[in-house]
Amino acid sequence: RRGLAGKPGDFVEFIDIQKTYDGETLVVKNLNLSIRHGEFLTLLGPSGSGKTTSLMMLAGFEVPTQGRIELDGRRINDMAPHKRDIGMVFQNYALFPHMTVEENLAFPLQVRRMPRADIEQKVERALEMVQLSQMRKRRPAQLSGGQQQRVALARALVFDPKLILMDEPLGALDKQLREHMQIEIKHIHQKLDVTVVYVTHDQSEALTMSDRVAVFNDGVVQQLATPTDLYERPENAFVAQFIGESNKLRGVVSSQNGKECIVNVNGHGDVR
Ligand code: ADP
């Protein structure tokens, strides 16, 4: 069995995935999800809906209770996290405080026993990508929150992973910086041949950044669609309400023919 819209060319597949932490309550109920090569896919949903658990199963820090996860055609349910070659960015950066910026970036390459000259070259490129070349000798405590976040992003990119997972990476930043970083992350995604799986509970962030969005509620994907389709054609009341909340100025949730849907008050289908 293939996942939702599963077909060759899909890069990540969750197939009939279930997860329980206590042996009883399913926090991921029956996840079928296909993620395409190179796309920016966001897991969006309220707190506790199973987004992080799904991401952690893909990263290898949690094991599915049932089902199968494939990465590039290989079953990875039991593969150790470091063997998956996946870059990760979290909200709390997780930088090494005693290391400089460039030492932080070199670390994942040293772990992979890369030759010194290659390490220098890759660190240089990653620093340029996030515009932090000037800050290379500083330690994390000597950087602003936004700069620390960019170091974390550079560290996830530095070993050229094919897949990057981000869990609420901008959650700790103020609104202006968050919007700036959204654009920066989008640019980096467009520049690199990399697939991004992004977790957020922020509807407008998901709609602005993603090629497709999987809307989670209570351990179930309610809808998987492009931002425009989610906005214009929500498949159920939950999606309509959840997406509609971020578009109060332009759309309202309304009941038509006994079905809830979004009525667009400015007559445009655009999301921005
Ligand atoms: P989200 O990322 O959407 O906020 P999570 O995947 O973090 O949701 O959590 C889904 C559910 O699983 C929640 O009810 C949460 O309390 C529970 N949960 C998450 N991690 C653990 C854990 N390590 N042990 C037990 N329960 C957990």
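Gln131 counts as exposed, because it has 12 C-beta neighbours inside 10 Å. The cut-offs are these: a residue is buried if 20 or more other C-beta atoms lie within 10 Å of its own, exposed if 12 or fewer, and partly exposed in between, with C-beta atoms placed from the backbone. Gln131 sits in the loop between H3 and H4. Helices (H or I, at least four residues) and strands (E, at least two) are DSSP runs, numbered from the N terminus.

This is a predicted model: local features need pLDDT of at least 70, side-chain atom pairs count only at pLDDT 80 or more, and totals for chains, interfaces and linings use all residues. Residues are numbered from 1 along each chain as its sequence is written.

**Positive phi**

Most residues other than glycine have a negative phi. Gln131 has a positive one although it is not a glycine. Asp72 is also a residue other than glycine with a positive phi. Asp72 lies in the loop between S4 and S5. It counts as partly exposed, because it has 15 C-beta neighbours inside 10 Å. Two glycines join the table: Gly60 follows H1, and Gly23 is in the turn between S1 and S2.

| Residue | Phi |
|---|---|
| Gln131 | about 55 degrees |
| Asp72 | near 50 degrees |
| Gly60 | near 100 degrees |
| Gly23 | about 85 degrees |

**The strands**

An open sheet of four strands runs in the order S2-S1-S4-S5, with antiparallel pairing. Strand S2 (26-36) and strand S5 (74-75) stand at the edges with a single partner strand each, so one side of each has no neighbour in the sheet. Strands pair if DSSP finds at least two bridges between them. S1 and S2 are joined by seven bridges. They form a hairpin with five residues between them. Phe14 stands opposite Leu33 in S2. Strand S1 (residues 10-20) also meets strand S4 (residues 66-71), through five bridges. There, Glu13 stands opposite Glu70 in S4.

S6 and S7 pair in the parallel sense, over five bridges. Val89 stands opposite Met166 in S7. Four of the five residues of S6 are buried.

Helix H4 (residues 145-157) has 13 residues. It reaches 19 Å from its first C-alpha to its last, close to the 18 Å expected. The expected span is 1.5 Å times one less than the number of residues. H4 is largely enclosed by the rest of the structure, because 10 of its 13 residues are buried. What covers them includes helix H2 (101-111), helix H3 (116-129) and helix H5 (175-191). Strand S6 (86-90) and strand S7 (163-167) are also among the cover.

A nonpolar core is a set of buried Ala, Val, Leu, Ile, Met, Phe, Trp, Tyr and Cys residues joined through C-beta atoms within 7 Å. The largest one has 64 residues. Ala154, Ala214 and Val215 have the most contacts inside it. H4 gives the largest share of this core, six residues. Contact requires C-beta atoms, placed from the backbone, within 7 Å. Not counting residues up to four places away in sequence, Val215 touches several residues, including Leu44, Gly45 and Phe242.

**Around the ligand**

Which helix gives the most residues to the shell around the ligand? Helix H1 (residues 51-59) does, with three. Among the surrounding residues are Tyr21, Val27, Gly45 and Lys51. The shell divides into two nonpolar, seven polar and one charged. Here Ala, Val, Leu, Ile, Met, Phe, Trp, Tyr, Cys and Pro count as nonpolar, Asp, Glu, Lys and Arg as charged, and the others, Gly among them, as polar. Lys51 is also one of the buried residues of H1.

Notes. Two residues are in contact if their C-beta atoms, placed from the backbone, lie within 7 Å. A residue is near a molecule or strand if its C-beta atom, placed from the backbone, lies within 6 Å of it.
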